[in-house]
Amino acid sequence: MPPFTYRLAPAGAVPFALREQMAETFVAAARRFALEAGIDRLTIDNPMARGFFSFRSRSAPSAPELAGLFPPDRPSSSGPLPPSGYHDGARVPLDTGLELLRAVLLHEGPWCRLHAEGGFFLHVGERHDLYAGGAARYTEAAAHARRSGLTVEPVERSPYDPALDETDPQPPADAAFWTAVHCLVAEHGGVLVEERHVGGDHRWHRPTTAAEITGVRALLTPRARLAVWPDLTDDIEAVRAAVLGSQRLELLVQQHPGRIPWARLAEPWMGCADLAFPMIGSGPGSRAGLVPLAPADRHPLLAGVLPDADGVVRARWRTNRTPADERRTLLGSLRTGDVVTGTVASGLDDVGVHVHLDVERERDRPLGFLRVPEMSWEYFEDVAEVAPIGRRIRAEVLHVDLEWERVALSVKALSPDPWRPFAEALRTGDTLPGTVTRTIPFGVFVRIAPGVEGLVHESEFAGRTFAAGDDVRVTLLAVDLERRRISLSPAPEA
């Protein structure tokens, strides 16, 4: 690491509304550091698809300067995937590099380190901070950054110093590697080639002939990591069964005739064949398979890293676990029926509330989501009555959505449904005490037991008036168990 390193950070917390303004301040400071170092080009190092915090799919940054770096990942036609300009070792003009830096600062998807000759570097951190350094003190750039409102402090090193990388060195995907691929295709009729061109993303190829292997090689992104897996199978029922029974994080890879292979996180419900639109499609020519995600589970037939044109492997892919890795591991460990605790973090109008689970990192976006119908068996007027921000809750996991990184919760699932046993015990003509809970245009609702309400239709009022909070006596007219409805009438006044 170069001897001079600075950490640049805002003077205080950055409100969401000011994040673009703050990103502009960082980019201007980074430009000053680069110009003082005499840098006009930057090299992309260890690019990631979606940064530190999430594996959720996002569109590529929209800045015109970055259009050449991010071609479409999945063309509308069935043609081959274009190689990406956003790859390890790519050299870009300073303006392009700074626009990429802006996208990283705004969490628009990518993350990477930017390096240049003489040890110059720019690293975006996890907490609205930027590390810049090189062989000089950059006194003027540091002073300008301070005048712009940033805190600038010398530090020993960047936490993203390549010397701190954990790596898993792999052999080169050289001539011997491709000879082995040819042998596998000749023996088995095809293989699945996984191309990890950036961190956290994959492209898929399925060569079945020698000519197709040559075509795949021409499409690969420089310095990509490759893994060769057994070919996809046409036994769709076997794949569905494997998905239903899987207890680990895996990618479901599918291919239909005339299309390139694509993948998504496998979730058990996807293995159901009786869905209106089965997630694992069948039919002539359809194929599918599962590829494990956790490093300990991955045992490909072949693995290697693409060398540079001179045959030297220069890519040093870091394997340091990120918050996104921890998040995905946590999601994969949760099961329907688990009981979790957490704190209500924010509301979403009348839809529900986000819940920060106790098992999450403090800085993570809340994983839990508690919808209004799952908050209580009893009627309530305002979410703030039962789930105000800051309230501690205990809830049951209803579903874990790996794709959207969300855990559906239910508080009322932890207590018995009071409605059915009470309603089943009622008999037509029973007279019960109750309390009016709310009025509606055609009647009033009356609570006759905790969590149990019935409707007194206006046609039953017989000239009487009711207001919320009134204590009344009512007579049971009917119970609809299937629709969970109770019809009441005011009991005759004594």
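1. How many of the five residues of strand S4 (residues 111-115) are buried? Five of the five are, so in this predicted model the strand is largely enclosed by the rest of the structure. The cover lies over both faces: Trp 111, Arg 113 and His 115 are buried on one side, and Cys 112 and Leu 114 on the other. In a regular strand, side chains alternate between the two faces of the sheet.

2. S4 has antiparallel partners. Strand S2 (residues 41-48) is joined to S4 by four bridges, with Met 48 paired to Trp 111. Strand S5 (residues 121-124) is joined to S4 by three bridges, and here Arg 113 stands opposite His 123. S4 and S5 make a hairpin with five residues between them, and Gly 118 in its turn has a positive phi of about 75°.

3. Arg 113 deserves a separate look. Its side chain forms a salt bridge with that of Asp 45 (2.5 Å, N to O). Because Arg 113 belongs to S4 and Asp 45 to S2, the pair ties together parts that are 68 residues apart in sequence. Arg 113 counts as buried at 1% relative accessibility, and Asp 45 also counts as buried, at 15%.

4. The salt bridge between Glu 378 and Arg 447 (3.6 Å, N to O) links distant parts of the chain, with Glu 378 in the loop between S17 and H8 and Arg 447 in strand S21 (residues 443-449). Glu 378 is partly exposed at 33% relative accessibility, and Arg 447 is partly exposed at 28%.

5. On the surface, Asp 350, Glu 381, Asp 382 and Glu 385 gather in a patch of negative charge. Asp 382 sits in the loop between strand S17 (368-371) and helix H8 (383-386) and is partly exposed, with a relative accessible area of 42%.

6. Strand S18 (residues 392-401) pairs antiparallel with strand S15 (residues 339-348) over five bridges, and Thr 341 stands opposite Arg 394. Five bridges also join S18 to strand S19 (residues 406-410), again antiparallel. S18 and S19 form a hairpin with four residues between them, and Glu 405 in the turn has a positive phi of about 55°.

How values were computed. Residues numbered from 1 in each chain as written. Predicted model: local features only at pLDDT ≥ 70, side-chain atom pairs only at ≥ 80, totals over all residues. Heavy atoms only, no water. Patch = residues over 30% accessible without salt bridge, like charges linked within 9 Å, V, L, I, M, F, W, Y side chains within 5 Å. Areas by Shrake-Rupley, 256 points an atom, 1.4 Å probe, with all protein chains shown as cover. Salt bridge = Lys/Arg side-chain N within 4 Å of Asp/Glu carboxyl O. Lys, Arg positive; Asp, Glu negative; His and termini not counted. Charge placed at Lys NZ, Arg CZ, Asp CG, Glu CD. Helix = DSSP H or I, 4+ residues; strand = E, 2+ residues; numbered from the N terminus. Buried < 20%, exposed > 50% of the residue type's maximum accessible area, 1.4 Å probe, protein only. Pairing = 2+ DSSP bridges.
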